Amino acid sequence: KRKILPSVLRKMEVATFHSFLSRFLKQDPFGAGIDSSAAVIDENTREILMLDLADRFAEQYGEKIINGDNALGADIAAKLIAKFPLALSKIRRYLLSPGEFYRKAKQQLNSNGTEIEFKTLEWLFQFYTLYMEELEKRNLLDFDEILIKSKNLIQYMRENGVAPDRRVFLIDEFQDNNPNQLGIVEEFCRD
């Protein structure tokens, strides 16, 4: 039986995936593109923020979404705006920025999208952009943004010849991680 030396134990870090990455980002906030004082919001707070944002979105863009250039009509607009928070939560799981989401979705629609799908995409992109602006204005990071910023910071470090210093991970409840989280771990461990 081998014993782990106390000096090794002191170097070990036990954390949830997102708290580990939050600390990683705050070690190089400039490289990560964040304010070091940014706060992390949990899922419940994010849901509340998105519902509030949906109400403000309806107030701000209501007339345009009903009667403007990309009009959907009152019934469809009300139903879509109500679904935007859930749709955005699902989109964020793919770790796409608003622009990346828009380009990929538009590319998918270009082959056989309907007029209403294109208009919906325009409004959903607007809602996504507003959500990201709200996070930035409040100096907040949601769990998905932590993953996006971490992935980008690791790539930035590697492009500049610096390897992340964490190389060994023991992941509890591994089945609860998604492919993007696994990709981040693989980037940390890559030579």
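1. Basis. The model is predicted, so that local features need pLDDT of at least 70 and side-chain atom pairs count only at pLDDT 80 or more, while totals for chains, interfaces and linings use all residues. Residues are numbered from 1 along each chain as its sequence is written, and side-chain values use heavy atoms, with hydrogens and water left out.

2. Overall fold. The protein chain holds nine helices and two strands, taken as DSSP runs numbered from the N terminus (helices H or I, at least four residues; strands E, at least two). Their order from the N terminus is α-α-α-β-α-α-α-α-β-α-α, and the C-alpha trace spans about 70 × 35 × 30 Å along its principal axes. Of contacts (heavy atoms within 4.5 Å) between residues at least 6 apart in sequence, 73% join residues at least 24 apart.

3. Burial. Of the 191 residues in the protein chain, 36% are buried, where buried means under 20% relative accessible area, exposed over 50%, and partly exposed in between (1.4 Å probe, protein chains only).

4. Largest core. A nonpolar core is a set of buried Ala, Val, Leu, Ile, Met, Phe, Trp, Tyr and Cys residues joined through side-chain atoms within 4.5 Å. The largest one has 30 residues, and Phe 57, Phe 84, Phe 101 and Tyr 131 have the most contacts inside it. Two or more residues each come from α4 (43-67), α5 (74-92), α6 (98-112) and α7 (115-138), with α7 giving the largest share, nine residues.

5. Phe 101. Leaving aside residues up to four places away in sequence, Phe 101 touches Ile 91, Leu 96, Leu 121, Leu 124, Phe 125 and Tyr 128.

6. Arg 158. This residue belongs to helix α8 (residues 143-159) and is buried, at a relative accessible area of 17%. The side chain of Arg 158 reaches the backbone oxygen of Phe 188 at 3.5 Å.

7. Met 12 lies in the loop between α1 (6-11) and α2 (17-27) and is partly exposed, with a relative accessible area of 49%.

Note on methods
Polar contact = N/O pair within 3.5 Å; in protein donor to acceptor, adjacent residues only side chain to side chain.
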